[in-house]
Amino acid sequence: MTPVNAVDIDARDGRALHPRILSIWTHALLFDMDGVLIDSTPAVARVWTRWALEHGFDPGEVVRRAQGRPSIATVRELLPHSDHQAENREIERQEIEDLEGVMPLPGTLELLHQLPSNRWAIVTSSTRPLAEVRIRAAGLPNPPLFITSSDVTHGKPHPEPYVNAARALGLSPLNCVVVEDAPPGIRAGKSAGARVIAFPTTVSLAELQKADPDWIVENCGSIALRSMTGQMQIDLRS
């Protein structure tokens, strides 16, 4: 993938302005997991492709739908009259067993080890058992706060996951920055009232821009903790 510089998004219409290095201030970073901290794309694609073929669906379309939101939402859409819970348990079982290629994305470990423990959280559409397995497989530090689809009533793109994460840290979402890679997660963060950094690790730059993030950078390697004086100063760089 061609590297993407830090991009300032015009809040009025979502158009990218001239690329430049930015400094922003925040009280906490709320990270999605898959596609942001962890590369699980091959495993996700394998499981959903098998499921799609078993049920007579187009694998590419099913994999696209499944990105960035709870798996049961995709099951409900595509098999409205099925036993959704049973289908979802089988998908989860296969994803837990398929860990080949699951690894941290560039810059993830370096960034997480810099952050104060009360200033970040993982907010994922994965179930808690699946998220825990992938975090261990990728060698990530245990998150100080962990919100999964098992912990919420409404998953992404609903704002509930990010609202709950901010509150658990004693903050308003307005004082947090969400880090996402998929449109449903970007919309969840924006709806919660947070600012959003997006990575083009899962979908195209054009798709990210349609979801209206505040900034787009390549990956966690483009985010640097510059200083800690009450708030965190974060540099977004190419």
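Visitor: Is Trp 215 buried or exposed?
Guide: Trp 215 has a relative accessibility of 9%. The cut-offs are under 20% for buried, over 50% for exposed and partly exposed in between (1.4 Å probe, protein chains only). So Trp 215 counts as buried.

Visitor: How much confidence does the model carry on average?
Guide: It's a predicted model, so local features need pLDDT of at least 70, side-chain atom pairs count only at 80 or more, totals for chains, interfaces and linings use all residues, and side-chain values use heavy atoms without hydrogens or water. Residues are numbered from 1 along each chain as its sequence is written. With pLDDT being the predictor's confidence per residue, from 0 to 100, 91% of the residues score at least 70, and the protein's average is 89.

Visitor: How far in space is Trp 215 from Gly 193?
Guide: In sequence, Trp 215 and Gly 193 are 22 residues apart. Going C-alpha to C-alpha, their separation in space is 15 Å.

Visitor: How many disulfides are there?
Guide: A disulfide needs two cysteine sulfur atoms within 2.5 Å. The sulfur of Cys 220 has its closest cysteine sulfur in Cys 176, 16 Å off, so that's too far for a bond. Both cysteines are buried, Cys 176 at 0% and Cys 220 at 1%. The disulfide count is 0.

Visitor: Which helix gives the largest share of the lining of the largest pocket?
Guide: A pocket is an open set of points on a 1 Å grid over the protein atoms alone where a 1.4 Å probe fits, with protein on both sides within 12 Å along at least five of seven lines; lining residues have an atom within 4 Å of a point. Here 16 residues do the lining, with Pro 70, Ile 72, Arg 76, Thr 153 and Gly 155 nearest the centre. The largest share, 4 residues, comes from residues 71-78, helix H3.

Visitor: And which helix gives the most to the second largest pocket?
Guide: Helices H2 (59-66) and H8 (183-192) each supply at least two lining residues. The lining includes Arg 64, Pro 183 and Arg 187. The top contribution, 3 residues, is from H8.
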